[in-house]
Amino acid sequence: MNTLSQSNSLALKVREIHAHFTANKSLWLMFAGLALMFIPTLWSLFAGNGLWTDDEHSHGPIILSISLWLLWTRWNETPDLQRYKPAPALAWVCFLIAGALYIPGRALDIIYFETGAFVWLLTGIVLMSGGLGLLNKLKFPLFFMIFMIPLPNSLVGPITGVMKLAVSTVTVNVLAWGGLPVARSGVVIYLGHYQLLVADACAGMRTLFMLEALGILYLNLVHHHSILRNIALPILIIPISFTANVIRVIVLSLITYYCGNAAGQGFLHGFAGMVLFAAGLLMMLGTDSLLRMIGRRFHGD
């Protein structure tokens with residue numbers, strides 16, 4: 001298809017979506033209400049010391065951007081929008097759930113209630129636009145948005161503590177095996193005359209969420225038919241995330257030991273973060289390739 005044909009096809013689809021919204025004028029009001037409600041929420045997430053400005057939650061805007069892009073793309077690819085009938089009863093159920101989350105979330109500054117309300121409200125708009133048929137077409141982008149919701153510290157804290165201890169323990173054992181003068185006290189690593197604290201950012205929760213999201217996105221885009229791969233890969237991302245974080249802490253420890261504390265906490269600290277995601281992504285793709293070979297060998301997938 002040449003560029004002119006693609007432009008004409010896109011223009012035709014945009015006109016079809018516009019006609020669908022024109023026939024359902026209340027949709028414009030719902031999207032306007034969505035924007036008015038959640039622009040302050042987005043501002044609080046980005047402005048000042050908002051959650052999305054720190055390392056632990058920096059994946060949030062990435063997840064939101066990918067979700068909205070997928071939502072628009074798949075809505076745009078949906079054939080014959082006029083044949084999808086709205087489901088107002090189900091839509092209002094979603095609106096009520098969104099309101100029950102948004103009102104206390106906004107009043108009491110519970111940000112995970114606010115962001116969760118966004119997903120429910122958008123789901124309600126989809127149901128009001130095309131009912132269960134359209135929701136079935138757009139279910140993945142809406143589900144994917146769940147990964148942008150910040151988790152409460154009461155849930156993350158205990159898990160993070162356990163992961164920090166495990167990461168520091170494995171790191172010390174690996175460095176000791178390499179002949180380095182290393183010891184550990186809790187989550188503090190003593191390497192030579194340096195002390196390194198395994199912080200929350202190195203504990204794996206951010207990596208786990210990001211890699212889990214990337215893995216599910218990858219499976220959705222490639223459309224695997226193998227049940228083994230679709231179930232096993234998301235589960236195996238948990239040990240992959242842990243291993244990637246161990247690699248990061250080992251890299252930072254070696255940088256600090258050989259180049260000094262300034263190097264370990266400076267630019268190379270950020271570089272170690274890139275190593276973490278690169279290692280995690282490569283291990284995820286390698287694991288998927290292994291699962292594919294196993295599937296072909298035993299199941300013919």
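Helices here are DSSP runs of H or I with at least four residues, strands are E runs of at least two, and both are numbered from the N terminus. The model is predicted, so local features need pLDDT of at least 70 and side-chain atom pairs count only at pLDDT 80 or more, while totals for chains, interfaces and linings use all residues. Residues are numbered from 1 along each chain as its sequence is written, and side-chain values use heavy atoms, with hydrogens and water left out.

Let's start in helix H2 (residues 26-46), where you'll find threonine 41. With 2% relative accessibility, threonine 41 counts as buried (under 20% relative accessible area; exposed is over 50%, partly exposed in between, with a 1.4 Å probe and protein chains only). Leaving aside residues up to four places away in sequence, threonine 41 touches Tyr102, Arg106, Ile111, Glu114 and Thr115, where contact means heavy atoms within 4.5 Å.

Now for the sheet. Three strands form an open sheet in the order E1-E2-E3, with antiparallel pairing; two strands pair if DSSP finds at least two bridges between them. E1 (182-185) and E3 (194-197) are the edge strands with a single partner each, so one side of each has no neighbour in the sheet. From one strand to the next, the twist averages 25°. E2 (residues 188-191) pairs with E3 over four bridges in the antiparallel sense, and isoleucine 189 sits opposite leucine 196 in E3.

Two helices go with this sheet. Helix H6 (residues 153-177) packs on it and touches E1 and E2, its direction making about 160° with that of E1. Helix H8 (residues 227-259) lies across E2 and E3, at about 155° to E3. These angles run from 0 to 180 degrees between N-to-C directions, with axes fitted as lines to C-alpha atoms, for helices over the stretch in contact.
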